[in-house]
Amino acid sequence: MWPRGDSAVRPDGRQAAVIDVGSNSVRLVIYRVDGRALWTIYNEKVVAGLGRDLPATGRLSPEGVEAAIGALRRFRAVLDGWKADEVTTAATAAVREAADGRAFLKRVHDETGLDIRILSGEEEARYAALGVICGQPDAEGVVGDLGGSSLELVRLNGMADAEGVTLPLGPFALGAPKPLVADRIRRLVDDHLSPLASRYASPEFHAVGGAWRNLALLHMQVADYPLHVAHQYEITRADALELTRFVQRQSRSSLEGIQGLSKKRYDTLPYSALVLERAIERMGIQRLVISAYGVREGMLLEAMPPEVRQLDPLTEGCEALTAQRGISPALGHALEVWLAPMFERLPPLFDGRDALLTSAACRLADLGARLHPDHRADLAFEQVLRAPLAGLSHPERAFLACVAFSRHSAASQPPGAAALSRILSNERRQRARALGSAIRLGCDLSGHNPRLLEMSAVAIRGDRLVLSVLAGWEDMLLGEQTARRAQALAQALRLKLEFG
């Protein structure tokens, strides 16, 4: 793993585009790639429905072809001047299986110059798994990627070759946009899943695809969940079964009355819900985890150098998020070195991930540097709470947001504290306050100069917080403001302050 404090070893940021020709939609996504961190800076989708007619005719939808060609001509214009190696392309189940799929891609090339790569079912499954790993490196269990025409299942196995399977269980393959005939479709889905149930059985299931993300957003709405971020949203088995069965019973007009659902999914969502229900039942799934990352991000992860893939996306993302001209890029690493020994003495609260969260929080130290000082705390809190960061659960996201708030404010509670209590325990909120106070102390003591941190140390000794400096540096580092910040940290840790 590359040294955290040496920005010279991290590759310069770049832009990368992915064109994804799916069974339902044709999409262009432009990413900012900062080492291991990905940021979506542009996202355009056209719901072409290429695979809509495939079960009946074996060919692509004529209307879908025209819509897709029009979208791809526009995407080529948007990417005018881009080098070929900066653009990744993929076509999935509909183009792969249609009798006229290759003729369609030839027309695409003739009219746009784009060479679209057809992914095999196994490749599509593997890239879906890599996408989940891109968004959550420690993910375990099984990935299910539901597209318009197919479902890919693959067991997570790190970056090693993953053995996956593709099944004709997308909504179009099952009969959408016709009204769902639940009993008949349930038997059909079971026929495909039953032979594979033991092979892909897992208590944890990572759901990829827009349809299942829409189900998660619906669950958030019904549950009045306070953090509307789909990535890493978790649903228990019981709640997921209740949700999927509810959606299957709804008519199109009923779905149209539900706020927040995509209008383009009214005809397909009941099918998607039924497939998820049968997967949960057949594969013994106990916990559903939504991934906003999938095939596109998996292809980008594979293209990264091995040493970059090994970096942690959360720490890298936090560092990239706060990269500002005129602010020392070494400050975050220096703060981590200064603070980590003290926080390592505290009881762990995040199942072995406390050190990583401390590292990420230190990288966010100057997130509010260019914000109005009267509003920094609130704005930093909101930005971290909703930033498209990878590699963290919802409780961890709320924790880092509270740290960012306490970094800039002595107030005991961030905005929306009552709602956050559903995500973050009192103990974790108190730890966030302490870590934010410690980062604030380090920033003010050093004046944002990492070298000055080396002249001091902060430690816990028994019931005391001890702040010490090298001989001769007392008058330069232990001023009135430093004393106030140190006292605030001691109070957050419920310790007595001592200057050593």
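**Burial and core**

Modeller: Buried residues account for 56% of the 500 residues in the protein chain; buried means under 20% relative accessible area, exposed over 50%, partly exposed in between (1.4 Å probe, protein chains only). This is a predicted model, where local features need pLDDT of at least 70, side-chain atom pairs count only at pLDDT 80 or more, and totals for chains, interfaces and linings use all residues. Residues are numbered from 1 along each chain as its sequence is written, and side-chain values use heavy atoms, leaving out hydrogens and water.

Biologist: What is the average pLDDT of the protein chain?

Modeller: The average is 92, and 96% of the residues score at least 70; pLDDT is the predictor's confidence in each residue, from 0 to 100. Over residues 1-9 the pLDDT is below 50.

Biologist: How many residues does the largest nonpolar core have?

Modeller: That core has 113 residues, and Phe 205, Leu 339, Met 342, Ile 439 and Leu 465 have the most contacts inside it. A nonpolar core is a set of buried Ala, Val, Leu, Ile, Met, Phe, Trp, Tyr and Cys residues joined through side-chain atoms within 4.5 Å.

Biologist: Where does this core lie?

Modeller: Domain 2 (122-297) and domain 3 (312-499) both contribute residues, so the core lies between them. The domain bounds come from an automatic or database domain assignment.

Biologist: Which residues is Ile 439 in contact with?

Modeller: Beyond neighbours within four places in sequence, the contacts of Ile 439 include Leu 335, Leu 339 and Val 403. Contact means heavy atoms within 4.5 Å.
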